[in-house]
Amino acid sequence: QVQLVESGGGLVQAGGSLRLSCAASGSIFRINVMGWNRQAPGKQRELVAVITSGGRTNYADSVKGRFTISRDNGKNTVFLQMNSLKPEDTAVYYCNADVIRVGGIGSYNFWGQGTQVTVSS
């Protein structure tokens, strides 16, 4: 089994910063893409940012220039540095990872439980 645990959410004023972390553990052989998604109340879950094992990144247009995704492959951890936060960034943030398990065939996508980010105006 594989578990993803997020941390670092909270309440911050507009213009402030937060850093989210997500650590994967369990029977992991290799992690391919890792990413962050978010879901605001009444809205569909949306992609925020992704990063490959080689460090290539991609961002939603709404967060480009403000958010930075990074990862520590040795610790199976992905980070999301969020700067210049806006009230519209308020959402539950979920990390996900495309994991090849030890002894497994193919890869599977695992999700964390989510962490709340609230940005006050």
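Keep in mind, as you look around, that the model is predicted. The bond is formed by C22 and C95, and it ties strand β3 to strand β9, two distant parts of the chain. Here is a short tour of that link and of the strands that pair with β9.

**The disulfide**
- The sulfur atoms of C22 and C95 lie 1.9 Å apart.
- The link of C22 and C95 is right-handed, with 40° about the S-S bond.

**How covered is β9?**
- Of the eleven residues in β9, eight are buried, which leaves the strand mostly covered.

**Pairing partners of β9**
- Strand β4 (residues 28-39) runs antiparallel to β9, and nine bridges join them.
- Within that pairing, Q39 has V92 of β9 as its bridge partner.
- Strand β11 (residues 115-120) is also antiparallel to β9, joined by three bridges.
- On β11, V117 is the residue that stands opposite A91.
- Strand β10 (residues 108-111) is joined to β9 by four bridges, again in an antiparallel arrangement.
- On β10, W111 stands opposite N96.

**The β9-β10 hairpin**
- Six residues lie between the strands in the hairpin of β9 and β10.
- In this hairpin, G103 adopts a positive phi near 75°.

Definitions and conventions. Residues are numbered from 1 along each chain as its sequence is written. This is a predicted model: local features need pLDDT of at least 70, side-chain atom pairs count only at pLDDT 80 or more; totals for chains, interfaces and linings use all residues. Side-chain values use heavy atoms; hydrogens and water are left out. A disulfide is a pair of cysteine sulfur atoms within 2.5 Å. Buried means under 20% relative accessible area, exposed over 50%, partly exposed in between (1.4 Å probe, protein chains only). Two strands pair if DSSP finds at least two bridges between them.
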